[in-house]
Amino acid sequence: MLIKEFRIVLPISVEEYQVGQLYSVAVASKNETGGGEGVEVLINESYDKDGEKGQYTSKVYHLSSKVPKFVRLIAPKDSLQIHEEAWNAYPYCRTKLLSTFSLDAVLTNPFMKDQFMIKIETWHKNDFGKEDNVHGQEKSLRDKTEVVEIDIASRSNISGKDYKADQDPAIFKSEKTGRGPLGPGWQDELTKSSVCPHMCAYKLVTVDFNWLGLQGKVEGMIQKVEQRIFTHFHRQLFCCIDEWINLTMDDIRHMEDETKKELDEMRTTGEVKGMRVEG
């Protein structure tokens with residue numbers, strides 16, 4: 001089992017992020033869908049259970065070409081799918097997936113049965129990413145958890161082929177909010193600002209892959225993929241703030257309905273799109 005807690009500080013309020021995250025998920029889904037692969041939305045509805053209220057979604061991620069070659073060699077083709085269930089009780093979110101390799105959530109895989117699981121839990125807090133054990137882990141698990149801070153303005157973890165100038169917070173400036181560019185020391189400046197909002201997304205990622213000989217390699221690879229995705233997603237979220245900052249939750253729900261229809265069509269046409277897993 002490999003556990004990491006990713007902390008992503010943003011010059012955005014917790015309230016703004018709720019809209020920005022959902023908008024960016026819809027956009028990213030379309031950017032990752034085509035040529036028989038991508039995102040299929042099965043259910044998107046509100047829920048109220050055991051005192052918790054939020055939005056429930058069920059999705060399938062078709063990933064045949066988006067997993068490492070060694071996985072494609074050992075896994076049946078039908079297993080290269082992720083069946084995701086997500087409960088978004090914002091500001092807390094949790095996701096459960098059933099399938100091969102996850103990008104964001106809790107997953108198990110029919111092919112792997114009980115040998116494979118990924119869980120991602122997220123708290124969105126109005127702070128600067130300094131709260132310890134925000135997820136309330138037991139000491140034995142907390143001691144095993146590596147804390148990783150993601151700086152969305154840094155290019156240190158961005159490969160040349162992944163870099164996009166229009167998604168670079170270090171050079172982007174919002175016309176509607178005046179936020180950005182995020183230069184060196186921007187997080188220190190944010191702590192001193194009485195004008196710019198702030199928040200941190202605390203993402204706790206647990207990966208458990210019980211397959212002798214592959215456990216360490218696969219768990220490390222998945223955590224690396226998660227960090228890459230979190231980094232790119234939040235860089236994009238900030239740099240498209242002018243597209244979503246004035247949207248309401250009603251706007252978002254309408255957009256999600258339209259996106260579902262578009263994804264169903266896009267998945268059966270065109271070429272495979274989006275990020276590929278390296279290795």
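Close-up 1. Lys4 lies in strand 1, which covers residues 2–10, and the structure shown here is a predicted model. With a relative accessible area of 15%, Lys4 counts as buried, because that value is under 20%. When residues up to four places away in sequence are not counted, Lys4 touches Thr145, Glu146, Val148, Lys203, Leu204, Val205 and Gln223. Burial extends along the strand as well: 8 of the 9 residues of strand 1 are buried, so strand 1 is largely enclosed by the rest of the structure.

**Close-up 2. The strands that pair with strand 1.** Strand 1 pairs with strand 9 (residues 199–209) in the antiparallel sense, and 9 bridges connect these two strands. Within this pairing, Ile3 stands opposite Thr206 in strand 9. Strand 1 also pairs with strand 8, this time in the parallel sense and over 6 bridges. Here Ile8 is the residue that stands opposite Ile150 in strand 8.

**Close-up 3. The hairpin of strands 2 and 3.** Strand 2 (residues 38–49) and strand 3 (residues 52–62) run antiparallel and are joined by 11 bridges. One of the residue pairs to look for is Gly38 with its bridge partner in strand 3, His62. The two strands form a hairpin with 2 residues between them, and in that turn Asp50 has a positive phi of about 55°.

**Close-up 4. A salt bridge between Arg179 and Glu16.** Side chains of opposite charge can pair when their charged atoms come close. In this view the side chains of Arg179 and Glu16 meet in a salt bridge, with a distance of 2.9 Å from N to O. The pair links distant parts of the chain, since Glu16 belongs to helix 1 (residues 14–31) while Arg179 sits in the loop between strand 8 (145–150) and helix 4 (186–192), and the two residues are 163 residues apart. Although Arg179 lies in a loop, its relative accessibility is 12%, and Arg179 therefore counts as buried.

Close-up 5. The side chains of Asp132 and Arg142 meet in a salt bridge in which N and O are 3.2 Å apart. Asp132 is found in the loop between strand 7 (113–125) and helix 3 (139–142), whereas Arg142 is in helix 3, 10 residues apart from Asp132. Through salt bridges that share partners, Glu5, Arg7, Asp132 and Arg142 are joined into one network.

Close-up 6. Lys261 counts as exposed at 55% relative accessibility, while Glu258 is partly exposed, with a relative accessible area of 31%. In the whole structure, the count comes to 16 salt bridges.

**Close-up 7. Asp168 in a buried loop position.** Asp168 lies in the loop between strand 8 and helix 4, and its relative accessible area is 3%, so Asp168 is buried. A polar atom of the Asp168 side chain lies 2.9 Å from the backbone nitrogen of Ala170. Leaving aside neighbours within four places in sequence, Asp168 is in contact with Ala153, Arg155, Tyr163, Arg235 and Cys239.

Close-up 8. A disulfide is a covalent bond between the sulfur atoms of two cysteines. A search of the whole structure finds 0 disulfides. Cys239 is in no disulfide, and the nearest cysteine sulfur, which belongs to Cys240, is 7.9 Å away; this distance is not within the 2.5 Å that a disulfide requires. Cys239 counts as buried at 10% relative accessibility, and Cys200 is buried as well, with a relative accessible area of 0%.

**The whole chain, for orientation.** The protein has 7 helices and 9 strands, and 50% of its 279 residues count as buried. Among contacts with a separation of 6 or more, 70% are between residues 24 or more positions apart. The protein exposes about 13,800 Å², of which carbon and sulfur atoms supply 50%.

Note on methods:
Residues numbered from 1 in each chain as written. Predicted model: local features only at pLDDT ≥ 70, side-chain atom pairs only at ≥ 80, totals over all residues. Heavy atoms only, no water. Salt bridge = Lys/Arg side-chain N within 4 Å of Asp/Glu carboxyl O. Helix = DSSP H or I, 4+ residues; strand = E, 2+ residues; numbered from the N terminus. Buried < 20%, exposed > 50% of the residue type's maximum accessible area, 1.4 Å probe, protein only. Pairing = 2+ DSSP bridges. Contact = heavy atoms within 4.5 Å. Areas by Shrake-Rupley, 256 points an atom, 1.4 Å probe, with all protein chains shown as cover. Polar contact = N/O pair within 3.5 Å; in protein donor to acceptor, adjacent residues only side chain to side chain.
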